[in-house]
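Have the viewer open as you read.

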Amino acid sequence: MTIGEGRTDVLQGTLDLMVLKTLDVMGPRHGYGIARRIEQVSDELLHLNEGTVYASLLRLRQQGWIEASWGRSENNRRARFYAITAAGRRRLAAQAEDWERIAGVMARLLQLSPDP
Amino acid sequence: MSPWRAVVAFVSRVRDFCARRRLARETEQEIELHLDLLAAQYVRAGQPPAEARRLARAKFGGVVRIRESLRDQAGFPMLESVARDVRYAARGLLRNPGFSLVVVLTLGVGVGANAAVFSFVDAVLLQPLPYPEADRLVSVQESDPPAPFLVTPGDYVDWKERSDVFETLSGYMYSVSGLTSPSGDDELLYTVAVSSDFFRTLRVPPLLGRTFLPDEERPGRDAVVVLGHGLWTRRFGADLDVVGREIALDGRPRTVIGVMRPEFEFPPGGRDVWVPLVLTESHRNDRRNHSVVTVGRLRPGATLEQARARMAALGARLAEAHPRTNAGRGVEVVELRHQQRGVTGPFLALGQLAAALVLLIACANVSNLQLGRMASRAREMTVRAALGAGRWRIGRLVAVESLLLALAGGGVGVGVAAWGVGVLRDSISPEMSRWIQGFRDIAVDWPILAFSLATAVASGLVFGLAAASAAWRPAVMDALREGAPTGTSRRASLRRVLVGAEVALAVVITVSAGQAVQGFRSLHAGSRGFSAEGVGTMLIRPPDARVEDSRGVIEFFGDVLARASAVPGVESAGLVSQLPASLRHGPTVELRVEGRPEPAPGETPLADVLVASDGYFATAGIPLLDGRTFDARDEAGEDGDFAVVISEHLARRYWPDENPLGKRLRVPAIAARGEWARVVGVVGDVRQNWFEAERPFLYLSAGEVANRWMYLTVRGPGTVERLLSDTALALERMDPALPIFEGKPLSAAVDAGVAGIREVAALMGVFGALALLLSAVGVYGVMAYAVGQRERELGIRMALGAAPRAVIRTVVGDGLATAAVGLFIGVLAATVTTRLFAGLLFGTSADSAAVTGLVSVLVFATVLVACWLPARVAVRLDPVRVLRAD
């Protein structure tokens with residue numbers, strides 16, 4: 001995983017985490033709903049190529065962290081809804097913890113001032 | 001990721017792959033829905049529908065790319081596209097069956113021939129010997145021995161007793177012995193007399209019974225024998241109770257004490273029986289006659305370098321102690337597995353070189369054909385590039401094609417190799433093969449097969465890619481432009497280099513092949529100083545019970561000769577202790593010439609001693625050059641001296657400016673009795689083997705000197721078989737129990753003796769023909785392509801009124817110029833190889849101008865035809881049609 005330079009970049013691992021968290025909080029969603037939710041939460045700070053959400057969904061599904069089922073969208077079309085699995089919750093907890101630890105370390109590192 | 005997760009992910013990936021069509025449809029629906037919902041959102045925000053649609057797509061990101069990445073994620077993209085490439089490549093190759101067939105056969109032959117020969121090299125030269133800790137097995141030899149490997153018994157005993165680098169240093173001597181049985185089923189056994197630590201040195205246990213005890217090296221205790229597995233099954237029906245039985249070797253009873261395992265065949269050349277090596281006091285002091293071969297095991301921890309240093313020092317001490325015999329005699333230690341290298345190595349290397357050159361030609365061929373094919377596909381490649389196929393994609397297509405060809409060629413190669421190894425094995429007579437260490441382990445060598453194949457694939461790949469890269473290098477539009485020349489000059493020059501190289505290689509191989517065949521014919525065509533036509537031979541040994549002393553032996557053979565001469569149909573008969581051109585030679589002894597000062601060390605006259613009867617020279621067709629052969633005066637001992645007949649070589653060497661007739665010599669065999677030998681005649685040289693120049697020969701009279709083993713030779717006008725059976729009958733009447741061995745035509749004995757070179761010559765002949773054929777195919781293919789590429793140009797010339805003859809001349813001239821350069825380089829290189837070859841094989845000369853000339857003409861003619869045929873086709877085409885074709 002490499003750190004991108006621009007604010008528009010969504011790192012692969014972080015997108016997976018975002019999708020998992022969204023499904024955990026919001027319950028089953030289709031791809032469009034997930035994209036809307038992430039956009040809303042990110043307060044327009046994050047520019048997301050929404051197509052990549054589907055790549056993330058496929059990846060998570062292949063790992064067994066989410067499962068898909070067919071349902072009806074708000075405009076009454078056939079849509080695939082994704083839901084987090086038990087394994088996915090465990091994964092989310094572990095990933096979130098990792099992320100917070102790294103974020104904490106980064107925050108402290110960036111706050112360091114030169115030695116007096 | 002835990003391994004379990006990886007498995008889960010892989011399984012669901014496989015599942016997705018299986019359902020990939022449904023999945024793709026569903027993904028399409030999902031994307032469609034997403035775009036619609038996004039667009040609806042923009043419409044709600046006041047955008048016109050078309051703009052909303054555009055914005056939605058922009059926010060989604062590249063739809064096509066997402067779709068592809070999803071498809072890749074859901075399966076095995078590499079695999080799928082490779083499978084597609086394979087299908088496509090296979091179709092392409094089958095569309096062009098001539099090209100594919102030529103490439104596959106070319107590769108198969110090159111790869112197979114190379115692997116077959118290398119299988120030999122590997123088994124004979126490279127494989128470790130099949131003994132425990134075989135890397136510690138060595139042989140101690142003289143650095144410049146008069147005969148390969150042989151040392152004197154005196155030196156051997158000193159080395160054994162006074163060196164400290166060996167766990168054991170054993171010695172052995174080759175001989176033959178006659179196994180007789182009451183049923184009259186006599187057999188000549190290859191017998192090796194070995195020191196008692198011989199088997200311990202090699203660390204080979206017997207299959208049954210035991211091997212020799214130190215005590216059994218003493219005279220009187222040595223009536224024991226160890227049987228080889230082959231003899232045990234052949235003659236004793238694999239009888240488990242054979243140990244303890246008595247068998248008669250040369251009429252002397254010996255107790256069987258053991259039987260060796262089937263795989264034990266050491267030393268090379270002897271595998272029937274092993275008997276104890278008994279060294280008498282006179283043996284122990286004998287530093288003149290070379291008869292013993294050594295095999296030792298280095299002490300644990302002792303290195304080869306240490307052993308070499310110690311033995312060299314010991315050799316120097318012995319030279320000081322025995323200056324008369326040992327001065328200048330170096331001692332060296334060689335690894336046992338390398339002992340044969342000096343003898344078989346050059347021949348195998350020669351075969352391998354030829355095979356490698358054939359493979360090189362095959363590679364050049366494949367590359368050439370690939371280049372030509374790519375050239376004709378340049379437009380296809382550029383179209384692909386223009387349609388957005390990446391370099392990787394085009395390269396992969398070419399690679400897949402090359403691999404397919406290589407695999408098919410490899411299949412053929414495996415067949416050729418398996419067949420070739422069989423043919424090579426069978427072509428070597430047992431008489432020859434039993435001398436080749438590791439012969440029974442010769443089998444197809446898979447690693448080298450893979451290596452040869454990889455070489456061929458790599459060359460096809462490299463040149464295929466080079467050609468393909470030429471297709472995408474020029475600006476795409478440029479190449480697509482109607483009528484742009486489709487071959488680039490870079491490719492054309494690469495092709496020229498390849499054609500030149502191919503011609504050069506073909507010349508080198510063919511010249512060497514011609515030389516080998518010529519050399520073999522010169523060996524065969526009676527230029528060896530005797531005539532085998534119409535001569536039959538058999539090996540006879542009087543039973544020990546029948547002859548009491550050497551006088552008895554002489555009388556016995558006199559009787560044999562008289563009986564044989566009296567057989568109707570026998571014109572002449574003679575006796576000799578060693579057949580000509582039989583690979584073996586008699587004992588090599590040091591001579592002293594009367595009235596000459598003590599020779600400087602290392603310059604003592606040497607000669608191979610043979611015992612022969614007077615009639616032998618006429619029977620074997622050896623010409624008398626001066627003086628006389630033996631006669632009754634010698635046997636009567638009239639002038640007191642023993643009579644000797646010497647060979648021309650010996651006469652020239654030691655009496656260059658004098659007449660040797662009447663000169664007196666001390667010959668060790670008879671000097672012991674204090675008597676002189678007098679030269680009574682000079683006969684022509686006989687070449688005893690194919691790997692050395694003439695050896696100096698000295699013949700003693702069978703009427704004066706006893707030799708227990710003698711070959712009876714008979715010559716007559718009838719068939720040799722008839723001659724042999726009539727003679728055998730006559731001898732049977734003389735003594736029904738007389739053992740007769742190896743009754744066969746002299747020509748058969750000679751054939752067995754030239755076995756090695758016959759095989760090499762045949763192999764070279766095959767390789768030469770192959771090389772010529774393959775390079776002709778290659779040159780033809782390239783020329784045909786080149787002309788095909790120029791069709792348009794030629795069409796224009798024809799349309800403008802050029803005479804067909806002139807056009808043909810241009811095309812052919814171009815090809816011949818390239819070939820001429822290759823020919824020139826090839827001839828230069830061949831002068832080097834022929835010189836190497838001449839040193840290796842007697843009877844061939846470095847002056848191979850005739851062969852070279854013939855080959856040059858042949859190659860040139862091939863190239864001429866290869867250029868002329870396509871050119872003729874080209875000028876016959878209708879210019880208008882050619883010009884329209886683009």
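What is the mean pLDDT of chain B, and what share of its residues reach 70 or more? The mean is 80, and 85% of the residues of chain B get to 70 or more, pLDDT being the predictor's confidence in each residue, from 0 to 100. This is a predicted model, so local features need pLDDT of at least 70 and side-chain atom pairs count only at pLDDT 80 or more, while totals for chains, interfaces and linings use all residues. Residues are numbered from 1 along each chain as its sequence is written, with chains lettered from A and ligands numbered from 1 in the order in which they are written. As for the whole model, ipTM is 0.86 and pTM is 0.63.

One stretch of chain B to treat with care is residues 475–487, where pLDDT stays under 50. The model has 19 contacts beyond four places in sequence for that stretch; a contact here means two residues whose C-beta atoms, placed from the backbone, lie within 7 Å.

Chain B has 31 helices and 22 strands. Helices (H or I, at least four residues) and strands (E, at least two) are DSSP runs, numbered from the N terminus. Of the 886 residues in chain B, 43% are buried, that is, with 20 or more other C-beta atoms within 10 Å of their own, the C-beta atoms being placed from the backbone. Take the chain B contacts between residues at least 6 apart in sequence, and 83% of them join residues at least 24 apart.

Now for chain A, with its four helices and three strands, in the order α-β-α-α-β-β-α from the N terminus on. Here 28% of the 116 residues are buried. The three strands make an open antiparallel sheet, ordered S1-S3-S2. Strands S1 (29–30) and S2 (66–72) of chain A are the edges, each pairing on one side only. Two strands pair if DSSP finds at least two bridges between them; S2(A) and S3 (residues 78–84) of chain A have seven, in the antiparallel sense. One of the partners to look up is A:Ala79 in S3(A), bridged to A:Gly71. Helix H3 (residues 51–63) of chain A lies across S2 and S3 of chain A, at about 120° to S2(A), with axes fitted to C-alpha atoms (for helices over the stretch in contact) and angles running from 0 to 180 degrees between N-to-C directions.

Finally, where the chains meet, 22 residues come from chain B and 18 residues from chain A. On the chain B side, H2(B) gives the largest share, seven residues.

Methods
A residue is buried if 20 or more other C-beta atoms lie within 10 Å of its own, exposed if 12 or fewer, and partly exposed in between; C-beta atoms are placed from the backbone.
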